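I opened my notebook to look through this protein. My notes follow in the order I took them.

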Amino acid sequence: MQIGEVIREYRKRKNMTQEEMANRLGVTAPAVNKWENGNSQPDIMLLVPIARLLNITLDTLLSFQEELTAEDINSIVYEIDAKLKDETYEDAFQWAKGKIEQYPNCEQLIWQMALILDAWRLAKDIPDSEKYEDYINDCYVRALGSEDENIRNRAADSLFGFYSRKEQYEKAEEYLNYFSSQNPERKRKQAFIYSKTNQVNEAYKAYEELLFSGYQMMNMVFQSIYTLAMQDKDREKAYILVEKQRELVNIFEMGEYHEASCRLDLATAEKDVEATIETMEGMLASADKICDFTKANLYEHMEFKKPEEKFITELHNSLLTCFRDEEAYSYMKKSRRWQELVSSNSNLLKD
């Protein structure tokens, strides 16, 4: 609220006329009227007497607010959006600039106002839009100093986008330092820079690393949801999730072993003899292919350490030890295929 609006509101609350207020402050009634209509401002020496007369603090009189709430910021954002639709871009820009000047330490507001002005400028083909660039970019840079990591990341993303559009890729790359090294978005943006600066192999490798880590993350998520479904005794959902995991293995070219192993837990939980033995056989038969993803065309630019023969042998033996567990697989005792599987491979365990 403007100071005049505050004076009017609290004067009326006290059932005081403009003339009464003027007499108590030693000014004229027209002067009070001008304050309330926004045509003039009270002298600075009158601020304390006005606050005392209205029984309010100076903060209330001046509408001072140390921090904007999320609701306040949303309200301002809605207002700038309406102004951009109904008024000229210049008028809306100046209004937004005034709001930023009013709350110079609110990085969230600064970033959001800059983003809206920038997006509107690009989408609507505003005449002479370049003249607004410096101010908008300055707002982004100010937001980079925020203690809030989310705001810093968003401001860095905006600046990355700005310089990428300008094809100033070296400058754009500088803002990747504001993203955590663990943030996949940083690697994706770096890959984009590589692709635009003739570093094709590096771009391939970065994108492939994103795919590989993306598979690992998605697989863990599917497994976690599967665990929840089993806890809820929702076997139908659990079955669907296992099939999704198998599809994921195929999409990301992880190999036969990983596809086969997806089914073991569910088959065991259901005590499904046929499914269990098929899964066991499939895992043992493909144990030496556990790292086949290293040969996949999808990851041809990545470097993987070649698995040692000892590792494959130990994996095979470990699987057999697990599959021979009569307590866990007591329901398999009558299966001749299971008996043959664990007995025919017993020499490997001795070795």
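**Entry: a pair in helix 1**

I looked up Arg13 and noted it as exposed, because its relative accessible area is 55% and the cut-off for exposed is over 50%. The model I am reading is predicted. The side chain of Arg13 meets that of Glu9 in a salt bridge, at 2.4 Å from N to O. Both residues lie in helix 1, four residues apart, which is about one turn of the helix. As a rule, an α-helix has 3.6 residues a turn, so residues three or four places apart point the same way. I then checked Glu9. Glu9 is partly exposed, with a relative accessible area of 28%.

**Entry: how confident is the prediction?**

What is the mean pLDDT of the protein? I found 91, with 97% of the residues at 70 or more. Confidence is highest in helix 13, at 96. Confidence is lowest in helix 20, residues 346-350, where the mean is 50.

How many salt bridges does a search of the whole structure find? The search finds 20. I picked two further pairs to read.

Buried or exposed? Both Arg121 and Asp118 are buried.

The other pair is Glu174 and Lys171. Their side chains meet in a salt bridge at 3.5 Å, N to O. They are three residues apart in helix 11, so about one helical turn separates them. Glu174 counts as partly exposed, at 40% relative accessibility. Lys171 is partly exposed as well, with a relative accessible area of 30%. I also noted a network: salt bridges that share partners join Asp118, Arg121, Glu133, Arg165 and Lys166.

**Entry: helix 8**

I went back to helix 8, which runs over residues 107-123 and has 17 residues. From its first C-alpha to its last, helix 8 reaches 24 Å, close to the 24 Å expected at 1.5 Å a residue. I listed some of its buried residues, including Leu109, Trp111, Met113, Ile116 and Trp120. Which helices do the buried residues of helix 8 pack against? They pack against helix 6 (70-86), helix 7 (89-102), helix 9 (133-143) and helix 10 (149-165). After helix 8 comes Asp125, with a positive phi near 55°.

As background, most residues other than glycine have a negative phi. I therefore wrote down the exceptions I came across.

Asn15 is not a glycine, yet its phi is positive, at about 55°. Asn15 sits in the loop between helix 1 (3-13) and helix 2 (18-25). Its relative accessibility is 69%, so Asn15 counts as exposed.

Glu167 has a positive phi too, near 60°, and is a residue other than glycine. I found Glu167 in the loop between helix 10 and helix 11 (169-174). Glu167 is exposed, because its relative accessible area is 58% and the cut-off is over 50%.

**Entry: two buried residues**

Where is Ser146? Ser146 is in the loop between helix 9 and helix 10. Why does Ser146 count as buried? Its relative accessibility is 5%, and buried means under 20%. Leaving aside neighbours within four places in sequence, Ser146 is in contact with Glu107, Ile151 and Arg152.

Next I looked at Ala22, which lies in helix 2. Ala22 counts as buried, because its relative accessibility is 1%. Not counting residues up to four places away in sequence, Ala22 touches Val27, Thr28, Ala29 and Val32. I also checked Ala22 against Ser344. The two are 322 residues apart in sequence and 106 Å apart in space, C-alpha to C-alpha.

**Entry: a nonpolar patch**

Which residues make the nonpolar surface patch of about 350 Å²? I noted Met217, Met220, Val221 and Ile225. Met217 is found in helix 13, residues 200-231. Helix 13 is also where I had found the highest confidence, at 96.

Technical notes. Residues are numbered from 1 along each chain as its sequence is written. This is a predicted model: local features need pLDDT of at least 70, side-chain atom pairs count only at pLDDT 80 or more; totals for chains, interfaces and linings use all residues. Side-chain values use heavy atoms; hydrogens and water are left out. The expected span of a helix is 1.5 Å times one less than its number of residues. Buried means under 20% relative accessible area, exposed over 50%, partly exposed in between (1.4 Å probe, protein chains only). Contact means heavy atoms within 4.5 Å. Patches are made of residues with over 30% relative accessible area and no salt bridge: like charges are joined within 9 Å, nonpolar side chains (Val, Leu, Ile, Met, Phe, Trp, Tyr) within 5 Å. Accessible areas come from the Shrake-Rupley method with a 1.4 Å probe; for residues, only the protein chains shown count as cover. A salt bridge is a side-chain nitrogen of Lys or Arg within 4 Å of a carboxyl oxygen of Asp or Glu. pLDDT is the predictor's confidence in each residue, from 0 to 100.
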